[in-house]
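Subject: Structure handover

Hello,

Please find the structure below. My notes on it come after.

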Amino acid sequence: MAKRKSPDARTRQAKPATAGKPAAPAKAAGKPDLDEVRAQIDGLDRQIQQLIVERAQWAHQVGKAKGKLAAAVDYYRPEREAQVLRRVVDRNEGPLGDETLVRLFREIMSACLAQQEPLKIGFLGPEGTFSQQAVHKHFGHSAKGLPLASIEEVFQEVAARNADFGVVPVENSGQGTIQSTLDMFLTSPLMICGEVELRVHQHLLSRTGRIEDIERVYSHPMSLAQCGGWLRQNLPKAEKIPVSSNAEAARRARNSDDAAAIAGETAAHVYGLKTIAGPIEDRSDNTTRFLVLGRELFPPSGHDRTSLLVFIRDRPGALYGVLEPLARRGISMNRIESRPAHGGLWQYAFFIDVAGHVHESPLRDALAEVGESAGDVRVLGSYPVAVL
Ligand SMILES: O=C(O)C(=O)C[C@]1(C(=O)O)C=C[C@@H](O)C=C1
């Protein structure tokens, strides 16, 4: 166990922890000496470790500064995390990519927060789903994932406080909206407190790893659709069987030689399957957007999105009455979707995503105006735009 120095004692001297920018390797001609290079790396590792420990101590101090709070969820600050990660991207000059650096810093923050107590995050299970990957991408590996049987159950467990947050898929770049997720907001009191974008790479997995054995392919309907072209070309005769998740597909595929699953590579590891082919999605930019569900609205991060649920009154120009105050203030809208409202026949609810945070103008003023005229507006959440 490492000996901990008190952050109070050291920081009162207001000395920055870093001893200036470390010297990068000089571009000397010829082959560098391996022992010398490793000695440099060893020295840097020592510094990195010391700085991570020091950061963790400061994060602990932040926890204390927030006062005595009831649970881990009370220490979590998505707006602050987004700001930290945006600065990481702004500072990055390579050679590591933005995604790599953001992942590393996300893990550091995740570990710092877990010092209090790990966050509990509900997701569409079982182990090995893309939803689980989205949990790791957004909350890091120090959060505790709770695999659940359905999207409805994720909403229920967060509402019942058995999970601090939930992560549910809401749309795919090629296949569009997951209607069942949107519809949950018609009755659920939960709020959206974050979004995660995940590049989704699909693989054909089976027990034997031989395509000629395959007569059935299991997967989530969205994943079957994402790979429709590839399946028509390579497995035209195989039966396509939709199941509740990709990981569930992998779980079934491990039971027989003539079955395959379309799922992520993680599922191959979790269920002991071999990869026949991959990536097999028809579009190379295949991306799924997930929502982070919580119970409260967090403060602005400086680059936010707001999701609204609007019930329109049945009169001419009602939708215009909602959109006009937004447009007049130059607020950009990047999504509008109508769904049958549960209130009555042929009544519709509109899901609208706009730029900005409800606590900040111009959105705050626009919403005050919308509320007066057009219909019922519910703020589903204002949250940081996904950092990568
Ligand atoms: O700044 C805070 O509020 C902290 O609790 C520290 C910290 C961090 O490690 O940077 C940790 C968890 C929060 O979610 C946000 C940031």
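The notes cover the ligand site, the domains and some backbone details.

This is a predicted model, in which local features need pLDDT of at least 70 and side-chain atom pairs count only at pLDDT 80 or more, while totals for chains, interfaces and linings use all residues. Residues are numbered from 1 along each chain as its sequence is written, and side-chain values use heavy atoms, with hydrogens and water left out.

Ligand site

The residues around the ligand are R55, V62, K66, Y75, Y76, R77, R80, E81, M109, C112 and L113 (a residue counts as near if one of its heavy atoms lies within 4 Å of the molecule). By class, this shell has 6 nonpolar residues, 5 charged ones and no polar ones. Here Ala, Val, Leu, Ile, Met, Phe, Trp, Tyr, Cys and Pro count as nonpolar, Asp, Glu, Lys and Arg as charged, and the others, Gly among them, as polar.

The ligand on its own has 360 Å² of accessible area, and the protein covers 92% of it (Shrake-Rupley method, 1.4 Å probe).

Two or more shell residues come from each of α2 (34–65), α3 (78–91) and α4 (98–114). The largest share, 3 residues, is that of α4. Helices (H or I, at least four residues) and strands (E, at least two) are DSSP runs, numbered from the N terminus.

Domains

The chain is assigned domain 1 (44–117), domain 2 (120–200 + 287–292), domain 3 (203–277) and domain 4 (297–384), with bounds from an automatic or database domain assignment. The C-alpha centres of domains 2 and 3 are 23 Å apart. Each of these two gives 15 residues to their contact (heavy atoms within 4.5 Å). Together they bury about 1,000 Å², 63% of it on carbon and sulfur atoms; buried area is the accessible area (1.4 Å probe) lost on putting two parts together, summed over both.

Backbone details

The G125 to P126 peptide bond is cis, with omega near 0 degrees. P126 sits in the loop between β1 (120–124) and α5 (130–139). Another cis bond runs from S361 to P362, with omega near 10 degrees, and P362 is in the loop between β14 (348–355) and α13 (363–373). R161 is not a glycine, yet has a positive phi of about 65 degrees; R161 lies in the loop between α6 (151–159) and β3 (165–172).

Regards
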